[in-house]
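Open the model in your viewer and keep the selection panel at hand. The stops below go from the ligands to an annotated domain and a strand pair.

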Amino acid sequence: MNRKYEDDSLALHTDLYQINMAEAYWADGVHERRAVFELFFRKLPFGNGYAVFAGLERILDYLRNFRFSESDLAYLEEEVGFKKDFIAYLRQIRFTGDVYSVVEGEVVFQSEPLIRIEAPLAEAQLIETALLNIVNYQTLIATKGSRIKQITGDAQVMEFGTRRAQEMDAAIWGTRAAAIGGLDATSNVRAGKLFGIPLAGTHAHSLVQAYKDEYDAFHAYAKRHKNCVFLVDTYDTLKSGVPTAIRVAKELGDTINFIGIRLDSGDIAFLSKEARKMLDAAGFTEAKIIVSNDLDEYTILNLKAQGAQVDSWGIGTKLITAYDQPALGAVYKIVSIENDHGEMEDTIKISGNPEKVTTPGLKKVYRIIDRENGKSEGDYIAMHDEAPEQEDRLKMFHPVHTFVSKFVTNFEAVNIHRHVVKNGKVIYDSPDVQEMRAYSKQALDRLWDEYKRSLNPEEYPVDLSQRCWDNKMRNIQEVKEDIQTLARR
Ligand SMILES: Nc1ncnc2c1ncn2[C@@H]1O[C@H](COP(=O)(O)OP(=O)(O)OP(=O)(O)O)[C@@H](O)[C@H]1O
Ligand SMILES: O=P(O)(O)OC[C@H]1O[C@H](OP(=O)(O)OP(=O)(O)O)[C@H](O)[C@@H]1O
Ligand SMILES: O=C(O)c1cccnc1
């Protein structure tokens, strides 16, 4: 397409209001003030007891390349109406701040900062939308993938969703996120190439229809493919598909690896049990039964309860589109800003809903791990200069229902963030997706089962330190007093 402005940067992948705010900061001379922003979500998705973080690699790439291209600047000036002096400022802007983030595959929870940005105010503001865009989607899909994997256990799960994803970017990054969450393979070849995710796949009904009958289709496929999975539901699964697959597998013997069959319609529980009997009776006891068709963790759980004989699951639409909850709802909030005297000052956003009141100040998040059993007791948000790892006894209390509290002893307090960008330079090398997936599995092993069940899990504690809580209350009080003073004027 012949566009007037080339699509050659991601700097405009933002909301107009971010640029408008940056202009106000710049015109007022406060754009360079140090600011701290936190990215977090308030409610776990899918009614799950945890989420799996994903998106960091793309964020780092975005920050590394953050700059307004000449076509961006031309567009902003010519079409949106920004003035030349501000355009000149935008021309030279780069991301020069610091970023602290949890790693991809990390198990994360509600109301805790996943990413902390410490940067000049205007820079931190301009990157908000892209960061949220990336984390909201990727973390959502990684979590959905992890939820599915909790139900399927060791059985192979393949990601089949590209055709149904919300466009190409979603397919690619969603596939990657699903793999981080635990999926074993993908049918998306580009995702295999880019991220090293193992590829898997069978064939479609069109192959059978192109040859008219299953016998010829399976033979044609087997001529060029050693590993064969035959799709058996084009005409009649039990009368035609399965018997033909068995016949072709017998005829071809050792010349192929008859991996098994795929079922893609009908009553999966019934058909899989019948197919299993037929395969076993024919001597193909090792042949696998692969199923697909609008599956998600709920159908899979139900199918397993019905005794479905399934070795491998192919999951598309409901995973890649996060069908039952299309948005994570992560937000990006300022918690501290440099004042006129060059000191950092906490800032708070008040809301009638206590869960929406932000927690001010520069903070760190610790995972409190029981030294005896290695399990996570909860996450603990403390002011940056506290050192919970040096305490013997830690009081943990619910940030809203403060009477819910407990003391922990004999624990390890692990800072869950890594310093990933320093003075604008990326200092963290993302591991490959398979490592992230393994890391996520390990992180989940440290969670009690009560937090991992797919239905009505227990709420994992994400608590504030006493100082953090006191600081929050003080900030609320100060805002109230300021409002009263204003009202008296
Ligand atoms: N035994 C079962 N118990 C519960 N759900 C099942 C069972 N078997 C299949 N399903 C699910 O029921 C839904 C059936 O959908 P639908 O009626 O559209 O499929 P179909 O008519 O069999 O096949 P298609 O329309 O794709 O050719 C799918 O989500 C499938 O995963
Ligand atoms: O069902 P999903 O979880 O989205 O998995 C991907 C689906 O894609 C293919 O279907 P196809 O595009 O041929 O459509 P159909 O099977 O629904 O007719 C495949 O046969 C799966 O059914
Ligand atoms: O390989 C498969 O079987 C496949 C791939 C994409 C979508 N549905 C099925």
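Select the shell around ligand 2: by class it holds four nonpolar, five polar and five charged residues. Here Ala, Val, Leu, Ile, Met, Phe, Trp, Tyr, Cys and Pro count as nonpolar, Asp, Glu, Lys and Arg as charged, and the others, Gly among them, as polar. The model is predicted, so local features need pLDDT of at least 70 and side-chain atom pairs pLDDT 80 or more, while totals for chains, interfaces and linings use all residues. Residues are numbered from 1 along each chain as its sequence is written, and chains are lettered from A and ligands numbered from 1 in the order in which they are written.

The ligand 2 shell has 14 residues, the closest being Phe 160, Asp 264, Ser 292, Gly 316 and Thr 317 (C-beta atom, placed from the backbone, within 6 Å of the molecule). Two elements, β11 (312-315) and α14 (317-320), each give two or more residues to this shell. Helices (H or I, at least four residues) and strands (E, at least two) are DSSP runs numbered from the N terminus.

Next, select ligand 3. Around it are Phe 160, Ser 187, Gly 201, Thr 202, Arg 262, Ser 292, Gly 314 and Gly 316: one nonpolar, six polar and one charged.

Move to residues 363-471, which an unreviewed UniProt entry annotates as "domain: Nicotinate phosphoribosyltransferase C-terminal"; such annotations may be inferred rather than shown by experiment, with positions in the numbering used here and feature names shortened. The span is 21% helix and 38% strand, with its end C-alpha atoms 11 Å apart.

Finally, select β16 (residues 393-397) and β17 (residues 405-409), an antiparallel pair with five bridges (pairing needs at least two DSSP bridges). Lys 395 has Phe 407 as its bridge partner in β17.
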